[in-house]
Amino acid sequence: MKKVDIRYCTYCKIYTMKEICKICGRETIVKKPPRFSPQDRYGKYRRYLKKLEKGLV
Ligand SMILES: [Zn+2]
């Protein structure tokens, strides 16, 4: 399986596979997102809910 870097255009704030952003033509940076972890995402969501409950958001 070929590994493809996920790249990111900091200008357009989009992810892409290209070295050059197809929208703005700027060079993109390699951005390695943390491994997909449903648990972490869920934890984030729970923390957000807790904040909501306390009226912090
Ligand atoms: Zn761009």
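This is a predicted model: local features need pLDDT of at least 70, side-chain atom pairs count only at pLDDT 80 or more; totals for chains, interfaces and linings use all residues.
The protein comprises one helix and three strands. Along the sequence, these elements follow the pattern β-β-β-α. Of the 57 residues of the protein, 4% count as buried. With regard to contacts between residues at least 6 apart in sequence, 12% join residues that are at least 24 apart.

The three strands form an open sheet in the order E2-E1-E3, and the pairing is antiparallel. The edge positions are taken by strand E2, which spans residues 14–16, and strand E3, which spans residues 29–30; each of these pairs on one side only. Strands of a sheet pair through backbone hydrogen bonds, in either a parallel or an antiparallel manner. Strand E1, covering residues 7–9, runs antiparallel to E2 and is joined to it by three bridges. Within this pairing, Arg7 has Thr16 of E2 as its bridge partner.

The loop between E1 and E2 contains Lys13. Although Lys13 is not a glycine, its phi is positive, at about 60 degrees. Lys13 is classed as exposed because 7 other C-beta atoms lie within 10 Å, and a residue counts as exposed when this number is 12 or fewer.

When residues up to four places away in sequence are not counted, Ile29 touches Arg7, Tyr8 and Thr10. Among these contacts of Ile29 is Arg7, the residue whose bridge partner in E2 is Thr16. The C-alpha atom of Ile29 is separated by 7.4 Å from that of Glu19, and these two residues are ten apart along the chain.

In summary, the model contains an antiparallel open sheet of three strands together with one helix.

Key:
Residues are numbered from 1 along each chain as its sequence is written. Two strands pair if DSSP finds at least two bridges between them. Helices (H or I, at least four residues) and strands (E, at least two) are DSSP runs, numbered from the N terminus. A residue is buried if 20 or more other C-beta atoms lie within 10 Å of its own, exposed if 12 or fewer, and partly exposed in between; C-beta atoms are placed from the backbone. Two residues are in contact if their C-beta atoms, placed from the backbone, lie within 7 Å.
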